Amino acid sequence: MNKILVGYHRFFVFLLLTRVSLTSSLPHTHNVHVDSDTTRILNQEQGDVHRIHCSRERSRIAWKIIQEYLTPVVEKEKYNISRKCRLHPENDIYRDQEQHKSHIDINEWQCGYCKKTFYEEKHLDQHFDNRHSNLLNLNESQCLADVCGALHCDHDINSRSKKSKCNPAAAARNKHLCETLADSCFPVNTGPVASRLHEFFLHQFCDAHSCAGIGKPFARGRRKKKNGFYIAASIFLVTLLLFYYLYIYLYRRGLKRETQMLKRISQAGRKKKPS
């Protein structure tokens, strides 16, 4: 009988200890689950910051085209592009970072945020993505590369290579996007200046979106580039010519003075001779 009681007692103690053990282990399991979820959320947030589906290179090309083929005419007309226009500088998601680039030397690029230097621009772009992506205005800015089709970015990239076969569907899509940009950036009902710029935009960008080969991209021309080397060379040559003519002038003036002095000496010698 005593053996039976001892057996029941041991079994009861075993059940009690097992329950306490399970109860104490539950909070620990819950904490691990929360930590793993938190880590996963943080990773997702960090991934969203760095995972920007916008080509920096094509955005840069689009900005270059705008500056060369559109901005000069807009500035000449003294027209202010609306913030609603996708071509507005503040709508370029990379504009602030691009303005914080300094091309110090041929193989030296500097970050305007932290002053670090890099050998190539692509390394500086990677630095922006890794270290300064939190400065991008993801809420209001847009991807300028999305309008590359309308602005003929591929034509600018492949201007020296063999032309690819025209795709009618792509041409129609790009033409529609181009005309939408013209309507939103230069509404014809806002005045004669906007109407002129609207027509200019259509001829400069939109008419070439055709497989018929009627128009060419950038038909109205581009801003003339000011090459610093040629400007410096011109200044140097002008300065050199000035020094050359100055030297010739002084040299001839010196010869003239020497000739006059020789004449005076010869005349003085003649006067001293006895008659």
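In what follows, a residue is called buried when its relative accessible area is under 20%, exposed when that value is over 50%, and partly exposed in between. Please bear in mind that this is a predicted model.

Let me begin with the charges. The model contains 15 salt bridges. One of them joins D125 to R60, with the closest N and O atoms 2.8 Å apart. D125 belongs to helix 5, residues 121-131, and R60 to helix 2, residues 56-69, so this contact ties together parts that are 65 residues apart in sequence. How accessible are the two partners? D125 has a relative accessible area of 10% and is buried, whereas R60, at 23%, is partly exposed.

D125 also forms a salt bridge with K101, and here the closest N and O atoms are 2.7 Å apart. This pair again links distant parts of the chain, since K101 lies in strand 1, residues 101-105, and D125 in helix 5, 24 residues apart. Both K101 and D125 are buried; for K101 the relative accessible area is 13%.

K101 has a further partner in E98, at 3.1 Å between the closest N and O atoms. E98 is buried as well, with a relative accessible area of 16%. Which residues make up the network around these contacts? Salt bridges link R56, R60, E98, K101, E121, D125 and D129.

I turn now to the aromatic rings. Six aromatic pairs are present in the structure. Among them is the pair of Y69 and F218, which is stacked, with 3.9 Å from centre to centre and 15° between the planes. Y69 lies in helix 2 and F218 in the loop between helix 9 (192-206) and helix 10 (228-272), so the pair ties together parts that are 149 residues apart in sequence. Why does Y69 count as buried? Its relative accessibility is 7%, and the cut-off for buried is under 20%. F218 is likewise buried, at 10%.

A second example is the pair of Y79 and F186: the ring centres are 5.6 Å apart and the planes stand at 45°, so the pair is tilted. Y79 sits in the loop between helix 3 (71-76) and helix 4 (95-99), and F186 in the loop between helix 8 (168-185) and helix 9, 107 residues apart. Y79 is buried at 19% relative accessibility, and F186 is buried at 0%.

Ring pairs join Y69, Y79, F186, F201, F205 and F218 into a cluster. Finally, a charge meets a ring where R95 lies over the face of W63, 3.8 Å from the ring centre.

Key:
Residues are numbered from 1 along each chain as its sequence is written. This is a predicted model: local features need pLDDT of at least 70, side-chain atom pairs count only at pLDDT 80 or more; totals for chains, interfaces and linings use all residues. Side-chain values use heavy atoms; hydrogens and water are left out. A salt bridge is a side-chain nitrogen of Lys or Arg within 4 Å of a carboxyl oxygen of Asp or Glu. Helices (H or I, at least four residues) and strands (E, at least two) are DSSP runs, numbered from the N terminus. Buried means under 20% relative accessible area, exposed over 50%, partly exposed in between (1.4 Å probe, protein chains only). Rings of Phe, Tyr and Trp (its six-membered ring) pair if their centres lie within 6.5 Å; planes under 30 degrees apart count as stacked, over 60 as edge-to-face and the rest as tilted. A charge sits over a ring if NZ of Lys or CZ of Arg is within 6 Å of the ring centre and within 35 degrees of the ring normal.
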